[in-house]
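Here is a short briefing on charged side-chain pairs. Look at the sequence and structure below, then read on.

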Amino acid sequence: MPVSVMFKLGRYAYQDEYAIPFSLHKEQRESVAIVCPSLAYGELGGRVSLSCRLDGFKSVHWYNATHRNESPVATWKEDNSKKGKGLSSGQYDLTDSGNLVIRNATVADEIMYRVIVLDEANNHWTFDIHLFIYANINEAVPKVNVCGDVGFCLLVNPINVSVICSVQNVRPAASLTWSMVHPKSSMTVDGSINDTTSQGLFSTYNSLTMTTTNQSHFQIHVCELAIQLSTSRKNRAIVFVENTSPISPDRTIKSEYHDHHARINLGCSSKTVRYAIWKRRSGFETYDTIAYLAMGESEVLRSGYALTARGHLIVKKFSVNDEGDYVCIYVEEHDEEDKEQHRFHRIKTLQMTKNQHPDIIGCFDEPNCTFITKKATGFLTCHLAGVRPMNQLKWHVDTPALTKVIEMNPSEPDMKNYDPFYDIYQTVHYKFLSYQPITEVNVSCHVRYPNHDGYRTQAKIIFTADEGEHTLPGEQSPEVHVNQQGSRILEVLLVVFVGCLTCMVAMFVICQLKKNQRGPTDVCHPGVIHTRSANDPGVNSDVTQL
């Protein structure tokens, strides 16, 4: 036991907690072998030992110093004999070194004990020891009626609510003090009320009326517990008072895209925060509270979230249901102005296809996707399956010099909702504008996901048009040429036939007229021309068959 401090008080000199008769000379005091503490502590219901350093003594006598002229409660002699009314009652015991032991300490044992020691030189040494009984001091924690059995809780929009801080069944008596640490205030309420039970234990209460104000989004009230001898660190209760007044959203906030089922860390401040409250937007200016933090204590109110010691909000397994606007209202640790600040987040789901690239329907040999056609027009369809958000697909001609060879006209995209993801189809109508025996054009379908570079899938269209068989837009097809040529031949044949028929009818009429002139014996044959000979003009000397 180190001996470093000595001061005089009455008949005794005190070295730390041990009392030595001051009547001894300095040399005697420094070499003394019998020393006792002036204070001792014992737990209620426990075994308490009043220990002195006793070297070289004949007898030790223990007394109840609060009562004068009483016989010793316990006596020890050098022959190791023990006696006393306290020993016979079983209340006390003596060790082999002469120290007094209280078997089952009660509140009644909290008295002043006196020990008189007779050393081998027949010197009497007298010491007074004050015993203090304690109970439940290390288990004692302040509790608040609105928080139940926990020492940290949230109180929303209180109006004249009586909040009572208490600690029960402790010894010695405790004191409780309320203070508002945010916004900074000099308010304290320390009018504690102590009630004593029949077992000598104390219950302490302190009440405070709480009402929210519009000066801040939250208030922090602390109930501090002070109790002698306690080594417990749980000596305070914190009430986080929330003011649910409207919060103006940040209209300049940009969306943050995160992978489906990812673990997301939403930052509150780059510095350590002293107080913070996280909220999620549920209306135009209304928000629901998710978690809050104050003075190293935190609580999460919604499943699927966690809060770090620095005040960052963790979304454990992000899904579409977690999309939305979030805000952290916080005060930094070393901010002397105690200023509330805001940080907003807008988070959305990013779900890409398995290989990030779009698919071209009918293309089975990626990346060497080739379509061979003998038609100058056709359709290609690009596809994204199971994505979010609704990304836009675009078709491009990869060779700028061939933009005058082929024309591509996209149709309206077709989007199918398979909650929560989408299937997207983008069809393009292509048309070749000029003729070549073989025309190759490289095209591609592009998609750009948020926060990512663009991805594309390429395809090659080979147009193999044989002259005379196929046609380009603006030209007539070979089939049309054949049909028109046949029509013209039919028209010519019809004209010839009508002309021949007209000639025959005309010749028949002429023949009939001549018959009437020559007589009834002259017969006309259609298709026959009658001529007269030079010698006999009245006779048919020759007939020519047409």
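Lysine 279 and glutamate 242 form a salt bridge, with their closest N and O atoms 2.9 Å apart. A salt bridge here is a side-chain nitrogen of Lys or Arg within 4 Å of a carboxyl oxygen of Asp or Glu. This is a predicted model: local features need pLDDT of at least 70, side-chain atom pairs count only at pLDDT 80 or more, and totals for chains, interfaces and linings use all residues. Residues are numbered from 1 along each chain as its sequence is written, and side-chain values use heavy atoms, with hydrogens and water left out.

- Lysine 279 sits in strand β26 (residues 273-281) and glutamate 242 in strand β23 (residues 236-242), so the bridge ties together parts 37 residues apart in sequence.
- Strands (E, at least two residues) are DSSP runs, numbered from the N terminus.
- Lysine 279 is buried, at 2% relative accessible area.
- Glutamate 242 is buried too, at 2%.
- Buried means under 20% relative accessible area, exposed over 50%, and partly exposed in between (1.4 Å probe, protein chains only).

- Lysine 82 bridges to aspartate 96, with the closest N and O atoms 3.8 Å apart.
- Lysine 82 is partly exposed at 36%, while aspartate 96 is exposed at 58%.
- Arginine 103 meets aspartate 93 in a salt bridge of 3.7 Å, N to O.
- Arginine 103 is partly exposed at 41%, as is aspartate 93 at 21%.

**Across the structure**
- A search of the whole structure finds 15 salt bridges.

Conventions: Helix = DSSP H or I, 4+ residues; strand = E, 2+ residues; numbered from the N terminus.
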